[in-house]
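Hi,

Here is the structure I promised to send over. Have a look at it first, and then read on for what turned up.

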Amino acid sequence: MIYLDYNRTTPLAPSVLESMQPYWMTHFLLPDQEHAHAQAVGEALEQARESVAGLVGCESFEIVFTSGGTEANNLAILGLLTSPAHRNESPGHVLVSQLEHDSVTAAARSLEAAGIEVEMIPCEPEGVIDPDRVKSMLRDDTRLVCLQLANPVLGTIQPVREVADLCHNQGVRLHCDATQVFGKLSVDTTRLRADTIAISGHKFYGPKGIGAIYVRRGLHLSPIAYGEPREMGLRPGAENVPACIGMGAAANLASRCAGEVSDNFSELSARLLKGLQSSLSNEPILLAEDAPRIPNTLAIEMPREVSRIRRAARQLVFATAQSTEPPDEITRALKAIGRTDAQIGRTLRISLGWTTSRDQVDRAVGMLAEACG
């Protein structure tokens, strides 16, 4: 086979072609072209899809690759609520958890101009949505409920299965943003019973700019962009093959290591919290301590302003609320559980990674204790 440069009319030299072949195969060939190399790319793409499906606990044909979790959330919400199957119905009602990511909240709000009523579900002081509250808010015209699986600030795990059962009993769809959970805990769609699930590759060490959406078999979504139909007819344009393959490789690793990673996170989180409690005269407060949480994420109210801690512990990387408007994700989550501005100003979020060691945790404790001294 002779490869032609897209801007050339003469064949590339064999030596150049040989050195560039892996790049050409993944970056320029389309998986549905009818020649052997493109078929190999197609097979690699489907293997990646199967790996992501294995991580999610579903069939490979229920996985649609996207550009990330944001697009997955948008496709789930807009694709369902603008589906032709509902065009003859009244605009309806949508429930969105107070803790959702901007890509969920903004997507739902964008449909208010079309007459869809969006109502926020308040959370309890421990950062968890009460299924009974959701049940009381469901209406005859409710079409969709959006509930994340885990909050990226508090780490709290939401009762998705219980809410999904309530929704399905009334013919309501449920979308779950599960981007924060993969790579920390095992996820199984058969237990969650969500109709759509958002996945983000870089959350479990895949490439940035790649994600996926689980679409339950038999559920119809409309595309939100148009062109040559790909990805089950839901996304136009050529697939980002290298990123898909990278995400598949990361999904394979995350699937194999989920139990070990979760246990390690739990140990390191307990070590960090115990170290801070024993090192500081005024003990820090772990927010949502009694709620079920993903094991690597801690929101901690410190005895000092986080701005002072950040200046004194420059080597540490942690997240804090931003003081600018509009309120950022951390501010919104902390406000949702009733924290005051002063408490928010003392709160930092610490996330542990797969490569975090005991020594690093101990060093972090020492830096934070010194900064608060």
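First, the surface: the protein has an accessible surface of about 17,400 Å², and carbon and sulfur atoms hold 49% of that. Please keep in mind that this is a predicted model.

As for the overall build, the protein has 12 helices and 13 strands. Of its 373 residues, 51% are buried. If you take the contacts with a separation of 6 or more, 69% are between residues 24 or more positions apart.

Now to the helix pairs. Two packed helices are described by the angle between their axes and the distance between the axes.

Start with helix 8 (residues 241-279) and helix 12 (residues 358-372). Their axes cross at roughly 30 degrees and come within 9 Å of each other. Angles under 35 degrees count as roughly parallel, so that is what helix 8 is to helix 12. The crossing of these two helices is right-handed. If you want to find the contact on screen, look on helix 8 for Glu267, Leu268, Arg271, Leu272, Gly275, Leu276 and Ser279. Their partners on helix 12 are Arg358, Val361, Asp362, Val365, Leu368 and Ala369. Sorted by class, this contact between helix 8 and helix 12 comes to seven nonpolar, two polar and four charged residues.

The other pair is helix 3 (residues 69-81) with helix 4 (residues 102-109). Here the axes lie 9 Å apart, at an angle of about 30 degrees, which means helix 3 runs roughly parallel to helix 4. This crossing of helix 3 and helix 4 is right-handed. From helix 3, the residues involved are Thr70, Asn73, Asn74, Ile77 and Leu78, and they meet Ser103, Val104, Ala107 and Ala108 of helix 4. What classes of residue make up the contact of helix 3 with helix 4? There are five nonpolar and four polar residues, and no charged ones.

One more spot to look at is helix 10 (residues 329-336). Its buried residues are Ile330, Thr331, Ala333, Leu334 and Ala336. And what do the buried residues of helix 10 pack against? They pack against strand 12 (319-320), helix 11 (341-344) and strand 13 (347-351). Just after helix 10 you will come to Gly338, which has a positive phi of about 90 degrees.

That's it from me for now.

Cheers

Methods: Residues numbered from 1 in each chain as written. Predicted model: local features only at pLDDT ≥ 70, side-chain atom pairs only at ≥ 80, totals over all residues. Heavy atoms only, no water. Helix = DSSP H or I, 4+ residues; strand = E, 2+ residues; numbered from the N terminus. Buried < 20%, exposed > 50% of the residue type's maximum accessible area, 1.4 Å probe, protein only. Contact = heavy atoms within 4.5 Å. Areas by Shrake-Rupley, 256 points an atom, 1.4 Å probe, with all protein chains shown as cover. Axes fitted to C-alpha atoms, helices over the stretch in contact; angles between N-to-C directions. Parallel < 35°, antiparallel > 145°, perpendicular 65-115°, else oblique. Left-handed = near helix turned anticlockwise from the far one by under 90°. Nonpolar A, V, L, I, M, F, W, Y, C, P; charged D, E, K, R; others polar.
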